[in-house]
Amino acid sequence: MSLAGVNYSSLTKDEIHEMFNSVLKSGMHGICFSLYEDGQRPGSLITEEQVRRRMEIIKPYTKWVRSFSSTDGNELVPMIAKEYGLKTLVGAWLGKDAQVNERELKGLINLANEGYVDIAAVGNEVLYRKDLSEDELFEFISRAKKEIKNIPVGYVDAYYEFKVRPRLAELCDVILANCYPFWEGCAFDYSLVYMKNMYYQALQAARGKKVIITETGWPSKGKSIQDAHSTFENARNYFINTQMWSKADDIDIFYFSSFDESWKVGAEGDVGAYWGIWDKDEKLKY
C-alpha cells in the first residue's frame, strides 16, 4: 500500500472484491450507526426491534459504535450496543432549539452515568452550522464535564475548527474530528493523502491529546463535488484505503456510515442518501 493507497488499476474486479471482503471481515475500529429506516427521519418513532436488527448486522465488523443523539429512541443505540459488548461514542445533538438542547444534554449525562457511554460527544458540527456561538457551546461542554464522571468528553466538528479555535481544543478531553476529502472536492486518487493531512492538522491542534476521526466516508451515488466523484468503485475503494491505514498506523476511525438513509436526500442533495456500507434495505453494497 502506497501513500495514496492501493493501486487498484493493477487488480482485477474479483481481486478488489476479495480485498474488500477481507478488510471488512478483519474489523473496523468504529462505525457511525444509521438509525432511520426507509420512510423515517429525525423525530420518527424508533423501535427497539429496528435498532437491535441493525446492531446484529454490524456487530461482527466493529469494536465501537457512534450515535448522534440521546433522545427520541437514539438512547437505545448505546444501550443495545453494550449488550453486544461494543464500546460507544455517544452524542448529544445540539442545535438552535434551547429546549431540545436541554433534553439532549440531560439524556447524554444520564446515559453516561448509567454506564452506557465510553466517550461523550457534546454537539456535532454546531459551529460549522452556526447553530450556537462558541461561548454557548462551551457552556454545554463545561456542564457535561462537571456532571459526567471518569469518561472523556469532547465535541465533534470539522478537523480545522480545532486549529482555528485553540480554546475549543483546550476544553475538550479528546479531539473528535470529521475528515471528508469528498466534501472538499478531492479526487479519489489523492483522497487518502488528503485525509492524512486533515488528521495531522487536528493532531497538531490537539497538543498531545488523543485525536479520533469521528466521520469519514465516500458516497456511492449522487452528485460530484469538483474532482470528487460519487461512484460505487470510489466508495468501496475509499473504505478499503481508510481501513488499511487505520490498522497500519493505529488510527481510531469511525466510518460514515453503516446504512444508506433515504431522508438525507433533502439535507445534502441526492448524494446524502448513499454513504452506507449497507444499502437502505440492509444489504451489503460491495
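**Close-ups of a predicted model**

**View 1. Helices H4 and H6 pack against each other.** Here H4 (residues 98-113) and H6 (residues 134-147) meet at an angle of about 25°, and their axes are 10 Å apart. Axes are lines fitted to C-alpha atoms over the stretch in contact, with angles running from 0 to 180 degrees between N-to-C directions. Helices are DSSP runs (H or I, at least four residues) numbered from the N terminus. Angles under 35 degrees count as roughly parallel, so that is what H4 and H6 are to each other. On the H4 side, Asn101, Glu102, Leu105, Ile109 and Asn113 meet Phe140, Arg143, Ala144 and Glu147 of H6; contact means heavy atoms within 4.5 Å.

This is a predicted model, where local features need pLDDT of at least 70 and side-chain atom pairs count only at pLDDT 80 or more, while totals for chains, interfaces and linings use all residues. Residues are numbered from 1 along each chain as its sequence is written, and side-chain values use heavy atoms, leaving out hydrogens and water.

**View 2. Leu168 and its neighbours.** Leaving aside residues up to four places away in sequence, Leu168 touches Leu127, Leu137, Phe138, Ile141, Tyr155, Glu161 and Phe162.

**View 3. Gln201 on helix H9.** The Gln201 side chain makes a 2.8 Å polar contact with that of Asn197 (N or O atoms within 3.5 Å, one able to donate a hydrogen and the other to accept it; residues adjacent in sequence count only if both atoms are side-chain atoms). Gln201 also touches Tyr159 and Lys163, again not counting residues up to four places away in sequence.

Notes. Helices (H or I, at least four residues) and strands (E, at least two) are DSSP runs, numbered from the N terminus. Angles under 35 degrees count as roughly parallel, over 145 as roughly antiparallel, 65 to 115 as roughly perpendicular and the rest as oblique.
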